[in-house]
Amino acid sequence: MDTSPDMSVHATSRRRQLLLWRGSAVAFFVLACLFAVGRSGGLAGHAPHLAHLKLAGVIGSDEHENVEALKKAADDASVKGLVLEVNSPGGAVTGGEVLHDAVAAFARRKPVVVSMGSVAASAGYMVSVPASRIFANRSTLTGSIGVLLESPDVSGLLERVGVHVDQLVSGPMKGQPSAVQPLSPQGREMLQGVIADLYGFFVTVVAQDRHMPPERVRELADGRPYTGQQALGLGLVDQIGSLDDARQWLLKTTLLPDDAPVTDIGPQATRVNWRHWIAGVLSGVPGAQMLLKESSMLDGAVAIWKL
């Protein structure tokens, strides 16, 4: 047998390559299994359980991940109800609308309970109202029913530095609003009409879901926030209580035992989330975070509580 140093080195190299390939295969298999578990919504299997969706932070214009999670949970026969945890100052009107509709669609099939965190205002309140019961803390800030549209105007600054911008438009309303031209009286009237229409939609949603006269909702919907205790007295929430209180209420409503599992769903869940993992990997790459956040940026009219 040839036992020369070259042959020994070659054999050692082959063994290392083989170990590397085997290790890579095992790692790939483990990741694939984790991904499959994440896609299926966890390890709860087919045992009767509750779903838990957490909405935290500003509601973006694109909420398809949360919408899809709600649809899958509604179609899952083992899911008996939804605990919707809301801790959001609001956000894009469109994002709030699609989330509201997705929660409402779930609520038509299975009971939903909302647990409000420190803030559940504007669009954060909009997504809460389809629930069968809304829990809030005494110190929760909620309500702030209204719509906001802002446009910066730097025309005065440009004039001071001697910069003039010619703006060519197909019609007088096409250039309204503009950051380089003052808002015209006609443009202000037009945009106020847009805000009024979106505001009317918001009022209608609250009135229908909370079973309140629209006139009463308009009295409360001047944009102001309410504490949880105030909101309870005004009929905007149903009960003062914690997340655990909300969960216990839903367990009793669905006739599930106290130890029934609760499975997290959606992008905020503790399951494998490839978008968040990639975001962590790219956190040190200049410009990468801006690209990752682009899909959740706010544009157009927003329903958000502002300090």
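The model is predicted, so local features need pLDDT of at least 70, side-chain atom pairs count only at pLDDT 80 or more, and totals for chains, interfaces and linings use all residues. Residues are numbered from 1 along each chain as its sequence is written, and side-chain values use heavy atoms, with hydrogens and water left out.

**Helix α3**
- Helix α3 (residues 93-107) has 15 residues and should span 21 Å at 1.5 Å a residue, which agrees with the 21 Å between its end C-alpha atoms.
- The expected span is 1.5 Å times one less than the number of residues.
- Helices (H or I, at least four residues) and strands (E, at least two) are DSSP runs, numbered from the N terminus.
- Among the buried residues of α3 are V93, L99, H100 and F106.
- Buried means under 20% relative accessible area, exposed over 50%, and partly exposed in between (1.4 Å probe, protein chains only).

**Helix α9**
- In α9 (residues 243-253), A246, L250 and L251 are buried.
- These residues cover an arc of only 140 degrees around the axis, which puts them on the same side of α9; the arc is that of the directions from the helix axis to the C-beta atoms.
- L255 follows α9 and has a positive phi, near 60 degrees.

- V147 lies in the loop between β6 (141-143) and α5, and is buried, with a relative accessible area of 18%.
- V147 and A92 are 55 residues apart in sequence, with their C-alpha atoms 9.4 Å apart in space.
- L157 belongs to helix α5 (residues 155-160) and is exposed, with a relative accessible area of 55%.
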